[in-house]
Amino acid sequence: MRVGGWETLGLVLRRELVLGFRRPDQLVQPLVFFLIVTTLFPLGLSVQLVLLREMAPGVLWVAALLASMLSLEALFKSDADDGTLEQLVLSGQGVYVIVVAKTLAHWLVSGAALILVSPLVATALAIPWSAFPVMLLSLGLGTLTLSWLGAIGAGLTVGLKRGNVLVSLIVLPLAMPLLIFGAGATDRAISGTSPLGALYLLAALCLLTCTLAPFAAAAALTVTLE
Amino acid sequence: MGTTRGAAAAAAAVNGARAGLSVEKIHVWRGDRHVLKGVSLELGAGELLHVSGANGTGKSTLLRVVTGLLPPEQGRIAWRGTPISAVPLDYQHELAYASHEPALKGDLTALENLRFMVGLKRRMSAQQLRATLDRTGVAQCADLPARVLSAGQRRRVAMARVLAVGATLWLLDEPYTNLDTAGSELLSALLLAHIRAGGMALVVAHHDLDVATATRRLGLD
Amino acid sequence: MWTWFYRLASPPYVYRVAAVWMPWLLGGAAFAIGYGVIDGLGFAPPDYQQGDAFRIIYVHAPCAWLSLFAYTTMAVAGAIGLIWRIKMGHAVAAASAPIGASFTLGALVTGSLWGRPMWGTYWAWDPRLTSELILLFLYVGVMALRSAFDDANRGDRAAALLAIVGVVNVPIIHFSVVWWNSLHQGATVAKFGKSEMPGSMLWPLLAMLLGFMLFYGAVLCIRLRGEVLNRERQSAWVREAIGS
């Protein structure tokens with residue numbers, strides 16, 4: 001009896017989570033970066049709460065994007081360096097399942113961490129509590145989409161020296177729509193208008209990405225492993 | 001009735017004798033370098049092929065092409081008569097590939113490494129995995145993180161992985177690296193046992209192989 | 001029926017055919033652009049709102065159109081190279097990328113120059129120009145990815161994948177930028193839809209569009225020949241072609 005797809009998903013997911021939590025410092029660093037970047041904006045611009053609140057959704061989202069770029073490196077690089085990525089790809093389960101499991105684990109670890117820290121950051125940026133549910137939901141959808149876009153970018157640049165700058169160069173333009181919708185939703189929640197339109201668009205983008213990106217990321221890995 | 005069954009069995013026996021790995025005239029370029037120039041080989045049950053050659057002659061590349069990771073520019077590779085591009089996952093289930101590096105996660109214990117790797121191909125209990133580690137002489141390392149193991153111990157854990165998977169085709173790239181005398185003898189004994197049981201192996205090694213069986217040799221230089 | 005397609009997979013054939021086509025494409029481009037420039041700059045009536053400033057559309061619109069067309073060509077050619085493993089597909093994609101990026105830059109510069117009389121500023125985060133800017137980033141990404149690989153083969157395939165992902169994203173990006181812009185600005189300044197333009201303004205525009213496309217084809221032929229020579233530099237026919 002062959003090991004099935006779902007069982008594989010569970011096994012690789014567990015592997016990724018175990019590995020992730022054995023290096024807690026690597027989990028925390030992107031979060032600290034997130035906090036630092038958000039601090040840069042008030043320092044560089046203005047501390048007047050009214051102005052801060054207007055900028056807040058954008059600042060929050062840009063900081064989340066940049067922090068995610070940092071954590072992307074961990075997606076495939078470690079496995080590629082020690083040869084275990086090849087073993088995973090040759091395991092007879094197909095690259096698709098492997099990629100889905102790794103990306104999902106990456107989101108659970110880094111995306112979820114960002115979402116958990118975001119209320120802290122949001123309060124520092126004078127975002128009212130009433131906007132939190134929309135903010136959290138949009139960050140949830142956004143970080144998932146970003147994990148997938150990042151999987152494509154990371155898959156294409158695995159094994160390249162200085163690949164991390166190139167990954168950002170590739171992924172950030174593709175991530176601009178989700179920045180627009182995510183920050184737009186949060187902004188509308190703050191100003192009191194309905195964020196539903198933006199949320200629906202964000203959800204549609206997330207759905208589209210989750211459907212198509214695994215194929216692109218799997219193809220990318222196949223090419224780079226040659 | 002008896003004759004048709006007998007004929008079918010005879011046909012199967014003939015096919016079985018030809019069953020195995022068949023590599024025909026593969027060409028691979030790495031950038032501008034023509035690394036593999038029309039290499040061909042055949043491997044049947046109970047056969048061990050030693051791929052030798054100096055550095056840079058494409059031994060590791062050949063192995064990667066046989067795994068299917070690197071599609072050749074020209075030529076074809078067939079497993080049991082079918083091209084491997086047609087049945088990649090089935091083919092992968094029947095092979096075990098050990099690359100130049102032992103391919104272990106430093107943060108996982110030896111046992112966990114086996115569990116997460118072997119578990120994708122075969123369900124094995126922790127006891128069975130420990131028993132396999134014992135066969136390759138690293139039972140005491142089962143609960144140690146791989147980064148504290150010596151190079152030789154890591155190589156033995158990699159050996160255990162190949163054993164545990166129970167594959168027909170072994171593709172080993174410089175498997176004797178970092179092994180002491182006892183380890184080398186152990187590896188040779190395991191290879192011999194695998195061959196005698198009807199398995200096949202393609203071993204890349206720049207030195208002579210000391211496996212007491214009729215080993216064919218393919219020199220790439 | 002598909003023999004012409006398969007012949008295009010042969011590098012010496014492509015090398016020869018591109019040389020034959022190039023002068024015709026260039027000639028056609030000169031003709032169309034010449035007519036477009038003369039008619040558009042000289043004879044088309046000035047716009048009732050913008051006066052003569054609108055005439056930059058005769059360069060701006062073709063540049064923008066070509067930037068998208070070149071990206072799509074790059075993606076399709078890359079897909080052909082990826083799926084059917086036809087190396088000439090990758091050659092076309094590699095040759096197209098810098099041309100498309102140049103057109104994008106042209107669209108940005110002309111659009112920005114147009115902005116000065118229209119909005120009073122050189123850059124106002126207009127949705128179309130912002131989309132063009134993001135398109136430029138996509139181009140740079142593809143070119144950077146291709147050149148980051150030592151192995152040209154893998155670089156081609158990675159760049160082709162990225163181009164395909166990009167081409168799917170281009171409409172999404174454009175829509176999201178338009179949506180973003182509609183939040184912050186009211187009705188945008190009257191754009192020139194093709195249906196609204198009177199014939200005397202439209203014909204030069206179409207001529208310029210055609211001329212630019214032919215020009216793109218001509219430059220593509222030139223660059224493609226260079227790409228083919230570079231990629232096939234080890235083969236015998238190239239050494240003969242260069243030697244003779």
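B:Ile84 counts as buried because it has 23 C-beta neighbours inside 10 Å (buried takes 20 or more other C-beta atoms within 10 Å, exposed 12 or fewer, partly exposed lies in between, and C-beta atoms are placed from the backbone). This is a predicted model, where local features need pLDDT of at least 70, side-chain atom pairs count only at pLDDT 80 or more, and totals for chains, interfaces and linings use all residues. Residues are numbered from 1 along each chain as its sequence is written, while chains are lettered from A and ligands numbered from 1 in the order in which they are written.

**Around B:Ile84**
- You'll find B:Ile84 in the loop between strand 5 (82-83) and helix 3 (88-93) of chain B (helices, H or I with at least four residues, and strands, E with at least two, are DSSP runs numbered from the N terminus).
- B:Ile84 touches B:Gly68, B:Ile77, B:Ala78, B:Trp79 and B:Tyr91, leaving aside residues up to four places away in sequence (contact means C-beta atoms, placed from the backbone, within 7 Å).
- B:Thr67 is 17 residues from B:Ile84 along the chain, and their C-alpha atoms are separated by 8.9 Å.

**The nonpolar core**
- The largest nonpolar core has 211 residues, and A:Leu202 is among those with the most contacts inside it (such a core is a set of buried Ala, Val, Leu, Ile, Met, Phe, Trp, Tyr and Cys residues joined through C-beta atoms within 7 Å).
- Not counting residues up to four places away in sequence, A:Leu202 touches several residues, including A:Ser138, A:Leu141 and A:Phe181.

**Where chain C meets chain A**
- 22 residues of chain C are in contact with 20 residues of chain A.
- Helix 6 of chain C gives the most to chain C's side, with 14 residues.
- That side has 17 nonpolar, three polar and two charged residues (Ala, Val, Leu, Ile, Met, Phe, Trp, Tyr, Cys and Pro count as nonpolar, Asp, Glu, Lys and Arg as charged, and the others, Gly among them, as polar).

**Helix 8 of chain A with helix 5 of chain C**
- The axes of helix 8 (residues 163-191) of chain A and helix 5 of chain C come within 9 Å and cross at roughly 150 degrees (axes are lines fitted to C-alpha atoms, for helices over the stretch in contact, and angles run from 0 to 180 degrees between N-to-C directions).
- These two helices are therefore roughly antiparallel to each other (angles over 145 degrees count as roughly antiparallel, under 35 as roughly parallel, 65 to 115 as roughly perpendicular and the rest as oblique).
- The residues of this contact divide into 12 nonpolar, one polar and no charged.

Terms used:
Two residues are in contact if their C-beta atoms, placed from the backbone, lie within 7 Å.
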